[in-house]
Amino acid sequence: ICPGGLEGLSPALQQPVRQQGQESAPTVLRELEIGDECAAARKRLWDMSEELLLATDLRGALRGASPSVARYTGLNEAALRGRCVLDFIHPADLSEVAAELRGLWRSAARARFEGRVRCTNASWRRVLWTITPDRAAGHFDIVGRDVTAERELADALHRAEEQVRQS
């Protein structure tokens, strides 16, 4: 249940629940049911997310990828498993991303950076990555958000402003 068994729970959770003069199972049993509900809710979020959700081992090999990653790359989950995340990074961004990952594990802090990712149609999309090392589990948790449209809009606005200044 918890690393310390029932001792790891608050006293309130260890107490039986009394309803209409009857004693029911301790709250901890209901907590297990809620835990199952939470796990199901996490799976639904994982499945429906448009964000790129990844878990990698310490070498950057994919241990898990949300369906959005499969849609993005054109590879199913089985084909993604074990692939190095760097396989999908633009060659010009590789050294920066690899350096971020190395430094991140040493610092154990969350990092955010932008990089380009190869898509199913061989195009490159800009992705804002948030990566957190989980030392206890020995992996990285990664969330990526496609910011391509935002960057293109900002670039177009910048070009328009430059044209106005030059006229």
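Mentor: Helices are DSSP runs of H or I with at least four residues, strands are runs of E with at least two, and both are numbered from the N terminus. Take P67: helix α3 is where this residue sits. We're looking at a predicted model, where local features need pLDDT of at least 70 and side-chain atom pairs pLDDT 80 or more, while totals for chains, interfaces and linings use all residues. Residues count from 1 along each chain as its sequence is written, and side-chain values use heavy atoms, leaving out hydrogens and water.

Trainee: What pLDDT does the chain average?

Mentor: pLDDT is the predictor's confidence in each residue, from 0 to 100. Here the chain averages 79, and 79% of the residues score at least 70. Residues 1-20 fall below 50, with 27 contacts beyond near neighbours in sequence. Residues 22-31 are below 50 too, with 22 such contacts. A contact means heavy atoms within 4.5 Å.

Trainee: Back to P67, then. Which residues does P67 touch?

Mentor: Not counting residues up to four places away in sequence, P67 touches W46 and D47.

Trainee: What does the side chain of D57 reach?

Mentor: A polar contact is a pair of N or O atoms within 3.5 Å; within protein, one must be able to donate a hydrogen and the other to accept it, and residues adjacent in sequence count only if both atoms are side-chain atoms. The D57 side chain reaches the backbone nitrogen of R59 at 2.9 Å. Setting aside neighbours within four places in sequence, D57 also contacts R63, G138, H139 and F140.

Trainee: What is the order of the strands in the sheet?

Mentor: Strands of a sheet pair through backbone hydrogen bonds, either parallel or antiparallel. Two strands count as paired if DSSP finds at least two bridges between them. This open sheet has five strands in the order β4-β3-β7-β6-β5, with antiparallel pairing. β4 and β5 are the edge strands, each pairing on one side only. Antiparallel β3 and β7 are joined by six bridges, and L52 stands opposite G144 in β7. Helix α6 packs on the sheet, touching β5, β6 and β7; its direction makes about 125° with that of β6. That angle is between N-to-C directions, from 0 to 180 degrees, using lines fitted to C-alpha atoms (for helices, over the stretch in contact).

Trainee: How many residues are in the largest nonpolar core?

Mentor: A nonpolar core is a set of buried Ala, Val, Leu, Ile, Met, Phe, Trp, Tyr and Cys residues joined through side-chain atoms within 4.5 Å. The largest one here has 22 residues, and L54, V117, W129 and I131 have the most contacts inside it. At least two residues come from each of β3 (52-57), β4 (62-65), α3 (67-73), α5 (94-107), β5 (111-118), β6 and β7. Among the residues W129 touches are L52, L54, V117 and I142.

Definitions and conventions. Buried < 20%, exposed > 50% of the residue type's maximum accessible area, 1.4 Å probe, protein only.
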